[in-house]
Amino acid sequence: MKLIDRPIWQALTVHHQQVDHLHLRQIFADDPLRGERLSSQGADLFLDYSKQRITDETLGLLMRLARECGLSEHIEGMFNGDKINATEQRAVLHVALRATPDERITVDGVDVIPQVQAVLNHMADFSDAIRSGARRGHTGQPIRNIINIGIGGSDLGPEMAYEALRHYSRRDMIFRFISNVDGTDFEEMTHDLNPEETLFIVCSKSFTTLETLTNAHAARAWSLRTLRDKRSVQRHFVAVSTNAEGVAEFGIDPANMFAFWDWVGGRYSMESAVGLSTMLAVGPARFRAMLAGFHAMDLHFRNTPFERNLPVLMGLLAVWNNNFLGAHTVAVLPYDYYLKRFPAYLQQLTMESNGKHVTLDGERVGTQTGPIYWGEPGTNGQHSFYQLIHQGTRLVPCDFIGFSQQLNPLGYQHDMLMANLFAQSEALAFGKTIAQAQAEGSSPALAAHRSFEGNRPSNTILAERLTPETLGQLVALYEHSVFTQGVIWGIDSFDQWGVELGKALAQRITPELESHDEPELTHDSSTNALIRRYRRTRTSQ
């Protein structure tokens, strides 16, 4: 049965029509304890969802929707290693990457936990050797610069984690990330570095990813221009891959290849060997602390009743806002500058996972699926796009993220930062009426401009401190929220066929751009004209 034909979906549709006129001002006035009731704790994260446009009946219907869509069974299927990535016939076991060594999770009858722990130990030994100076470059210089070469999940996750945990990182080392095939990215990341002190981590599961291998070969050439000896590649390059033959052909010692598995999707891989740069930055102990944070949220998701389950609550509220309130986007607003790359990381996690138009059965979904995620750290965004969130014509649900303790105390500035977080969520919910604006002294003509409709929904996520543990919990919270939404919509949240067509066409067009002879073009008239114009106007290389 299609989702929109389910009786529970029809009940939610009728319920939305009954409550759509309600304003958060009235809802809070009728329930003085709402702010305390509609909140929950998961591991070290506190979620206040009282400013969502819901009633107790809404919550009850959403919980019923989750149960009727088999969310509990899907959760157990993931943790048990079932092949829930149906279109690729793969298990989805990023949860195994952060499981404890004494757990047992099997894929095709094989317990994968010993494999995971072996790779973690390999990473730890390598990280300790680099950080201590025991492992040096080809000329005997210590490694001071780490450059991660990847794309998608092999870039966004490690870069986000490094920025988020920069407070805990080695400040005498430089960490940079190259993903874009645009030569400017490579140039800007390497122009001030000494190849004798630089280590490249090439992240490509297949070791055939076009953008990553293009940049890896550029890095190899850059390094050899100084080091000259091809044997130096073994001291300045390592790989995160499963293709030992390709890694060896490149010149990397297969002993310096860190493995991961088909049951780890790229956007869910930051705690695998893809996180080697993170471990090099913060050390093995803090990396394992981050894994423990992931695991704590995994246990919360698996074992906590839906009514108090943070990922389930956030996932169901996202469905409500998207499918019933008509919100097309979600703004993620971390009030901690270290999380400046977190919204960008979530863009891939959420939109690559749930940007799907067909169900697991291959039928059209029949309703909107993944919303657009975006955002910037506070308070920067307040002087940029908050105008539209407060007074624009589009409904933009917001996730505010804050911490009680500042990692870099500076006078009263953290209190000011958090005051802005709390004020923005309050203003979005309750707004300001024209009468209130006039009472403050605005003229009747100006009062309309100074009024705020309010009734804009938001979540607030609070933790005591941004630590490796809380970062792991925060990422896992959104991972499982995305999974919850995908289960409701009946889609495969773990494939990404949508990225293939453009890549295939690019491989066809590249030789047409590089050809010295005029190629015969068989694209549409627009693409043909653009290719011809580019060939006429490009600078000779």
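The structure is a predicted model, in which local features need pLDDT of at least 70 and side-chain atom pairs count only at pLDDT 80 or more, while totals for chains, interfaces and linings use all residues. Residues are numbered from 1 along each chain as its sequence is written, and side-chain values use heavy atoms, with hydrogens and water left out.

Helices (H or I, at least four residues) and strands (E, at least two residues) are DSSP runs, numbered from the N terminus. An open sheet is formed by six strands in the order 1-2-13-12-10-11, with mixed pairing; two strands pair if DSSP finds at least two bridges between them. Strand 1 (39-42) and strand 11 (372-374) are the edge strands, each of which pairs on one side only. From one strand to the next, the twist averages 20°; for such angles, axes are lines fitted to C-alpha atoms, for helices over the stretch in contact, and the angles run from 0 to 180 degrees between N-to-C directions. In general, strands of a sheet pair through backbone hydrogen bonds, in either a parallel or an antiparallel manner. Strand 2 (residues 45-48) and strand 13 (residues 458-463) run antiparallel and are joined by three bridges. Within strand 13, Ile-461 is the bridge partner of Leu-47. Helix 16 packs on the sheet and touches strand 10 (329-334), strand 11 and strand 12 (398-403), where contact means heavy atoms within 4.5 Å. The direction of helix 16 makes about 165° with that of strand 11.

Lining residues have an atom within 4 Å of a point. Grid points are joined across faces, edges and corners, and a volume is the space filled by probe spheres set on the points.

The largest pocket has a volume of about 940 Å³. Its lining consists of 36 residues, and Thr-209, Gly-266, Gln-496, Val-499 and Lys-503 lie nearest the centre. Two or more lining residues are given by each of helix 8 (153-164), helix 10 (210-227), helix 16 (342-354) and helix 22 (500-514). Helix 10 provides the largest share, three residues. The lining of the largest pocket comprises twelve nonpolar, 14 polar and ten charged residues; Ala, Val, Leu, Ile, Met, Phe, Trp, Tyr, Cys and Pro count as nonpolar, Asp, Glu, Lys and Arg as charged, and the others, Gly among them, as polar.

The second largest pocket has a volume of about 440 Å³. It is lined by 22 residues, of which Leu-360, Val-487, Trp-489, Gly-490 and Ile-491 lie nearest its centre. Helix 21 (residues 468-489) contributes the largest share of this lining, five residues. Twelve residues of the lining are nonpolar, five polar and five charged.

Four cavities of 30 Å³ or more were counted. The volume of the largest cavity is about 90 Å³. This cavity is lined by 13 residues, and Met-314, Ala-318, Val-330, Asp-399 and Asn-459 are the closest to its centre. At least two lining residues come from each of helix 15 (310-323), strand 12 and helix 21, and helix 15 gives the most, with four residues. The lining of the largest cavity divides into seven nonpolar, five polar and one charged residue. The second largest cavity holds about 60 Å³ of space. Among the residues that line the second largest cavity are His-16, Asp-20, Arg-53 and Trp-320; by class, its lining has six nonpolar, two polar and two charged residues.

Most residues other than glycine have a negative phi, and most peptide bonds are trans. The peptide bond from Gly-378 to Thr-379 is cis, with omega near 10°, and Thr-379 is placed in the loop between strand 11 and helix 17 (386-391). Asp-108, in the loop between strand 3 (106-107) and strand 4 (110-111), has a positive phi near 50°. Asn-455, in the loop between helix 20 (444-447) and strand 13, also has a positive phi, of about 65°. Asp-108 is exposed, at 63% relative accessibility, whereas Asn-455 is buried, with a relative accessible area of 10%. Buried means under 20% relative accessible area, exposed over 50%, and partly exposed in between (1.4 Å probe, protein chains only).

Conventions
1 Å grid on protein atoms, 1.4 Å probe; cavity = no way out; pocket = protein on both sides within 12 Å on 5 of 7 lines; lining within 4 Å.
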